[in-house]
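Student: I would like a close look at one part of this model, with the terms spelled out as we go.

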Amino acid sequence: MITTISLNPSIDRTVNVEHFTTGGLNRVVSAHSVAAGKGINVALAASALGVDAECIGFMYREGSKLFEKRLMVNSTAYNFVWCEGSVRTNIKVFDQSRGEITEINESGAHVSEDDLKRMTDLVALHAENTDYLVLAGSLPPGCPPDYYRTLIQSVDGLGCRCILDADGERMRYGLEARPYMIKPNRFELEMMTGRELKTLADIRDAAQHYIDMGVSVVAVSLGGDGAMITDGSEAFFAPRMNIEVRSTVGAGDSMVAGLACGFMGENSLEDAFRMGVACATARCMTEGYQVIDKAVYKSLLSQVQVEKI
């Protein structure tokens, strides 16, 4: 079982306009809304690969139906801590003439000390019956920046491994609890180390620092350049696959899902990495927010090129 935590879910509303004009009138050509958030994305991707997955997190009555429907339709279990307020909305304005997206994100509804206590208890309850616990994404107002550390420490000894995909203070504090795996992108790793990482050797050496701190695996997404992974003993690089990119939304989340599924199957680091890259690539080949096609993912597995570094 893979359990993901979504503490700050969002309704992502994408509007398409022909020519986006600041300070003027913009007419919408088309629009759609979808239940989103990194924890949601990881759980849906894992379910699409045929692995039992569930999502737990904060949820609000206003806007919740969109999340419940999306999770149920994709055979993904869920359990929420219900809070007052409404789910935040993130607006993405796509300018068709320039191919550019302007994002306007809400912070989310405030959570109370009681909400946080209920969430900590819920996470501990689910941790007893899961193999991998994925903590990903932003935190809502009222949630302290060290809360991921609190959650990782709360499940210590319960038998699950924690995967942390966060940035800034959330990652810095979370590292103190020594999660099993972290997944920064190149920019986030540069911010963590305070230096520019120009080569694969630079990235590998930067990742090694966190292995030395007690993290077992560091996976780094490199955008259009591919991805890298290391456990301190071995390090592998996979270049970007030659595909038609239809959407990059959730690609990093899909990589986390593929890696977690690989680890669950007791695969080697190289094979688990191949699964993560194939899952992320399948996501990039999928339109919009649609769930990845397992058949496409399986066809990509044999095409992933992995190089030892």
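Student: How much space lies in the second largest pocket? Please start there and go on to what surrounds it.

Tutor: The model is predicted: local features need pLDDT of at least 70 and side-chain atom pairs count only at pLDDT 80 or more, while totals for chains, interfaces and linings use all residues. Residues are numbered from 1 along each chain as its sequence is written, and side-chain values use heavy atoms, without hydrogens and water.

The second largest pocket holds about 220 Å³ of space. A pocket is an open set of points on a 1 Å grid over the protein atoms alone, where a 1.4 Å probe fits and protein lies on both sides within 12 Å along at least five of seven lines; lining residues have an atom within 4 Å of a point. The volume is the space filled by probe spheres set on the points, which are joined across faces, edges and corners.

Lining this pocket are 14 residues, and nearest its centre lie Ile152, Asp156, Cys160, Ala177 and Arg178. Helix 4 (147-154) and strand 9 (161-165) are the elements that each give two or more residues to the lining; helices (H or I, at least four residues) and strands (E, at least two) are DSSP runs numbered from the N terminus. By class, the lining has seven nonpolar, three polar and four charged residues. Ala, Val, Leu, Ile, Met, Phe, Trp, Tyr, Cys and Pro count as nonpolar, Asp, Glu, Lys and Arg as charged, and the others, Gly among them, as polar.

Two strands pair if DSSP finds at least two bridges between them. Strand 13 (residues 235-238) and strand 14 run antiparallel and are joined by two bridges; in one of them, Phe236 is partnered by Lys308 of strand 14.
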